[in-house]
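Visitor: I'd like to learn how to read a model like this one, feature by feature. Could you walk me through it?

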Amino acid sequence: MKKRLLSILLCCAMAVSMMTGCGNVDSEELAKSQAAASGTETTTAATEESSEGEKTTASNTFTIAIEADTGNTLNPFTSTDRYGLMTNNMLFAPLARMNTDGSIDYVIADSIETSEDGLVYTVKIKENLKWSDGEPLTAEDVVYSYNAENEAMQTFYVNGAPITFENPDDLTVVITLPEVSANAMELLTSENFVLPKHVFESKGTFDINLLQDEIVCSGPYTLKEYQAGQHLYFTKNPNYALGEAKTENVVFKIIEKADTASLALQNGDINAWIGLPDTIGPFEDNENYNINNYSEGRVAYIRLNTASENMQDINYRKGILKALDREEIMTAAYTDPEFFVLGYSFLPKGNKYYTEDLEKYEQNIEEAKELTANGPKELTITYVRTNATEEKMALAIQAELKEIGINAQIEGVEQAAFMDVVLERENSPYDIMIGGYVMGIDPYAYASLFVSDQEGMMNMMNYDNATVNELFVKGNATLDETERQEIYTQAQQAVMEDAIFYPLGTNLRTLVTTSNVGGIDEAKLVPIYTFSDLSKLTME
Amino acid sequence: MLKYIGKRILQAIPLLFVITVICFTLINLAPYDAVDSIITPDMTQEEIEYRKEEYGLNDPVVVQYGKWLLNLLQGDMGYSLVSHTSIKYDLIIRIPATISLVLPSYITAFLLAIVLGLVAGSHKNRWQDKLIDGFCSIGIATPTFWFAMILMYLLGYKWKLLPLMGMHTIGMEDSFADFIQHFIMPYIVLTIGFLPDLTRYVRGSTIGQLKEDYVLVQQAFGAKKAEILFKHVSKNVLLPLITKLGMALPMLVTGAVITETIFSWPGIGPYFVKAIQSLDYPIVMNILVLSGTLVILGNLLSDILYCLTDPRIKSMK
């Protein structure tokens with residue numbers, strides 16, 4: 001009898017241990033209620049069904065699918081992932097946003113003026129700005145944010161010397177450069193947000209807990225609720241510098257599987273989704289959806305790895321490049337020319353300084369055979385394993401190399417391993433790498449790919465070319481447009497001559513939206529953030 | 001008996017410690033740093049170094065391990081290296097989400113399997129058996145993701161009976177009805193996923209038991225078939241299932257990776273997989289320790305239960 005009792009108790013224990021996690025539901029509820037502490041009534045992004053798969057989402061909420069969770073902590077300085085940065089861009093406003101053509105849209109700043117010698121930037125702040133909690137937003141916040149970021153990350157440096165920030169009065173920020181830097185404007189505006197001094201100074205950390213902290217915002221939206229693994233729910237900030245957002249709420253819905261996201265869009269559960277060319281079939285020629293292809297300024301490239309034994313001979317490298325056909329590789333990856341633009345330089349096509357007056361290594365099988373005749377016949381190609389388009393590129397390259405009698409092995413690796421491979425300087429087992437980058441607008445932003453003699457430059461392509469080093473520095477030290485044009489044309493030519501780096505072109509990112517989403521041109525499609533300013537988006 | 005239980009628990013503690021050491025060593029043997037997975041081409045070398053320093057990746061491995069273990073013992077699970085988010089908060093939300101999905105599915109599958117297995121086993125090679133066994137074959141051969149997509153397409157998209165994905169509709173987190181609507185599809189997928197294996201187990205066990213002498217004796221006494229099956233055979237069939245149940249305990253954490261990913265269920269599966277891919281070792285370690293603990297706990301419980309329910313084992317002691 002005693003034993004039977006014990007056995008019952010143990011059974012209970014087992015059941016309880018299985019339920020332990022369930023017990024935590026309380027904490028979950030707690031976290032939720034804390035996150036929703038603002039106490040406002042939650043408006044439901046209620047979705048209603050209608051016939052023929054057509055869908056009406058509540059007109060005041062815009063829902064976009066994101067592929068990965070941002071995590072419960074946001075750090076406006078150290079965020080590097082796309083969705084963390086997108087969240088930053090929702091919550092915090094920058095001084096200004098630079099467009100891909102180099103023009104400026106002011107946000108917190110009313111104007112930014114440059115002194116004649118190019119060393120002093122005077123920023124006038126818009127009057128009567130407020131944080132989402134009603135506190136005034138002043139030049140003091142700006143200086144605080146920039147100094148804090150510089151302290152933590154050394155973001156604002158020119159050739160090893162810091163840029164300084166001062167606020168002579170509440171509406172003026174004076175930025176002083178240690179020496180002329182042509183890309184200073186981009187450096188000062190891109191991915192740099194103004195943070196509330198009155199919050200962070202006493203907090204001691206720039207980590208924001210999305211579950212618990214009440215976030216004081218300057219951006220177009222404030223965070224209403226974060227649900228781990230599910231969504232980020234934003235509601236408009238009435239104090240945004242460019243005026244209240246046109247759409248009441250925005251939801252970033254976390255959907256990891258592309259198939260699921262595609263169905264969700266067809267079902268009308270979401271309004272926008274970034275699709276790959278081979279997955280957007282259901283939305284093409286469909287009046288309920290709009291397809292927007294836009295450039296992120298991403299350059300897809302092939303790099304011949306000079307850290308490998310096989311790639312030491314420049315003529316052999318030239319031979320390899322002459323075996324390749326850009327168009328074929330890009331078509332293999334992106335299915336149709338409407339999804340890519342071929343490019344011949346390290347700058348994305350469309351950049352002000354882009355030139356095609358350089359060595360293009362156009363395909364020439366005979367010449368390629370000749371040049372590679374005495375070189376290795378077995379090569380290895382690597383790329384990030386999870387990137388399906390790069391895998392297709394690798395297959396195309398493999399087939400093209402076969403034409404000139406070279407056998408190429410394809411080996412995909414994980415992201416972490418890939419960066420390790422990229423930065424490997426000796427005895428690399430990989431001969432050819434496939435990659436892509438989004439760097440910025442000013443050509444100097446591309447210096448870190450090729451410059452080998454400066455501290456802090458990653459030199460991702462493993463260059464060792466004095467001319468290239470010199471040209472990048474020269475180009476940044478002058479403000480004269482024609483001179484810069486000339487210098488960067490030479491730099492683009494010089495980079496190609498080493499036969500290490502082979503640009504393929506710029507792929508376009510495809511945003512599919514439901515037809516009731518308006519104002520996309522005003523909200524501007526941009527690299528990383530997808531939308532430059534979501535406050536301009538309308539829902540009909 | 002209490003002494004035995006106490007002994008087993010004490011044995012489990014060093015085992016847990018060994019698990020943490022093995023996990024940590026293996027992860028550190030990987031030739032990359034977590035920081036490698038967040039480097040972007042526009043980062044400067046300083047930025048990378050800053051991050052490495054901040055994450056403590058420049059410390060010796062032993063120090064890293066010590067720090068981590070010490071924090072864990074104090075209940076501090078630390079921060080993700082890649083996204084710098086608090087692991088504790090993530091787990092507090094994600095583990096219950098996974099359990100709320102896996103537990104009902106497993107229990108349903110378990111109960112169904114007992115009935116189906118007994119029926120199939122007692123009708124060996126008859127139509128009932130062929131039907132159930134055929135279903136199991138199909139079930140085992142069907143990839144979860146495919147079945148999930150089909151279900152999602154039909155119930156969620158085509159007929160619009162259920163919401164496509166997620167755990168709640170925004171703003172309806174407290175509504176149980178809303179939860180159930182989101183729950184049904186992944187629940188069906190998981191139940192169907194667990195069922196074939198368990199059913200086959202029960203079936204095999206039943207067939208084995210039916211050959212035993214005591215069945216013959218009961219038949220000789222003129223007992224009815226149903227009576228033999230449910231009164232005598234079922235008891236013996238259920239015994240090995242205790243082991244199955246104990247072993248299923250870690251599934252509460254890692255039992256639904258694919259299903260969770262497809263249905264955007266905010267569980268532990270996708271979180272764990274992503275952490276492994278980016279070598280986010282604090283997350284990987286915490287989840288490994290957690291599921292390791294559950295393995296040990298599951299074993300412990302099934303051992304003890306076995307010992308209590310089976311008089312033969314008791315007498316062997």
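Predicted model: local features only at pLDDT ≥ 70, side-chain atom pairs only at ≥ 80, totals over all residues.

Visitor: Take Ile108(A). Which residues does Ile108(A) touch, leaving out those up to four places away in sequence?

Guide: With those left out, Ile108(A) touches Ala93(A), Pro94(A), Leu95(A), Ile125(A), Lys126(A), Leu129(A), Val194(A), Ser218(A) and Ala241(A).

Visitor: Now helix pairs. How do I describe one?

Guide: Two packed helices are described by the angle between their axes and the distance between the axes. The crossing of helix 8 and helix 10 of chain A is left-handed.

Visitor: Which residues make the contact between helix 8 of chain A and helix 10 of chain A?

Guide: Helix 8 of chain A brings Asn315(A), Tyr316(A), Lys318(A), Gly319(A), Ile320(A), Lys322(A) and Ala323(A), while helix 10 of chain A brings Ile365(A), Glu367(A), Ala368(A), Leu371(A) and Thr372(A). By class, the residues of this contact between helix 8 and helix 10 of chain A are six nonpolar, three polar and three charged.

Visitor: Is the crossing of helix 9 of chain A and helix 11 of chain A left-handed or right-handed?

Guide: That crossing of helix 9 and helix 11 of chain A is right-handed. The axes of helix 9 (residues 326-334) and helix 11 (residues 388-403) of chain A come within 8 Å and cross at roughly 140 degrees. On the helix 9 side of chain A you'll find Glu328(A), Ile329(A), Ala332(A), Ala333(A) and Tyr334(A), which meet Thr389(A), Lys392(A), Met393(A), Leu395(A), Ala396(A) and Ile397(A) in helix 11 of chain A. The contact of helix 9 with helix 11 of chain A has eight nonpolar, one polar and two charged residues. You've met Ile397(A) already, among the residues that touch the most other members of the largest nonpolar core.

Visitor: What should I look for in the backbone angles?

Guide: Most residues other than glycine have a negative phi, and most peptide bonds are trans. Glu191(A) has a positive phi, near 55 degrees, and sits in the loop between helix 5 (184-189) and helix 6 of chain A. Asn125(B) has a positive phi too, near 65 degrees; Asn125(B) lies in the loop between helix 4 (87-122) and helix 5 (127-141) of chain B.

Visitor: Is Glu191(A) buried or exposed? And is Asn125(B) buried or exposed?

Guide: Glu191(A) is buried, because 20 other C-beta atoms lie within 10 Å. Asn125(B) has 9 other C-beta atoms within 10 Å, so Asn125(B) is exposed. For a case in between, see His198(A), which counts as partly exposed because it has 16 C-beta neighbours inside 10 Å. His198(A) belongs to helix 6 (residues 197-203) of chain A.

Visitor: What surrounds Ala148(B)?

Guide: Ala148(B) is in helix 6 (residues 144-158) of chain B and is buried, with 25 other C-beta atoms within 10 Å. Not counting residues up to four places away in sequence, Ala148(B) touches Val189(B), Thr259(B), Ile262(B) and Phe263(B).

Visitor: Stepping back, how many helices and strands does each chain have?

Guide: Chain A has 16 helices and 27 strands, while chain B has 14 helices and zero strands. Of the 540 residues of chain A, 49% count as buried; for the 317 residues of chain B, the figure is 41%. The C-alpha atoms of chain B fill a box of roughly 85 × 60 × 35 Å along the principal axes.

Note on methods. Residues numbered from 1 in each chain as written. Chains lettered and ligands numbered in written order. Helix = DSSP H or I, 4+ residues; strand = E, 2+ residues; numbered from the N terminus. Buried ≥ 20, exposed ≤ 12 C-beta atoms within 10 Å, placed from the backbone. Axes fitted to C-alpha atoms, helices over the stretch in contact; angles between N-to-C directions. Left-handed = near helix turned anticlockwise from the far one by under 90°. Contact = placed C-beta atoms within 7 Å. Nonpolar A, V, L, I, M, F, W, Y, C, P; charged D, E, K, R; others polar. Core = buried A, V, L, I, M, F, W, Y, C linked by C-beta atoms within 7 Å.
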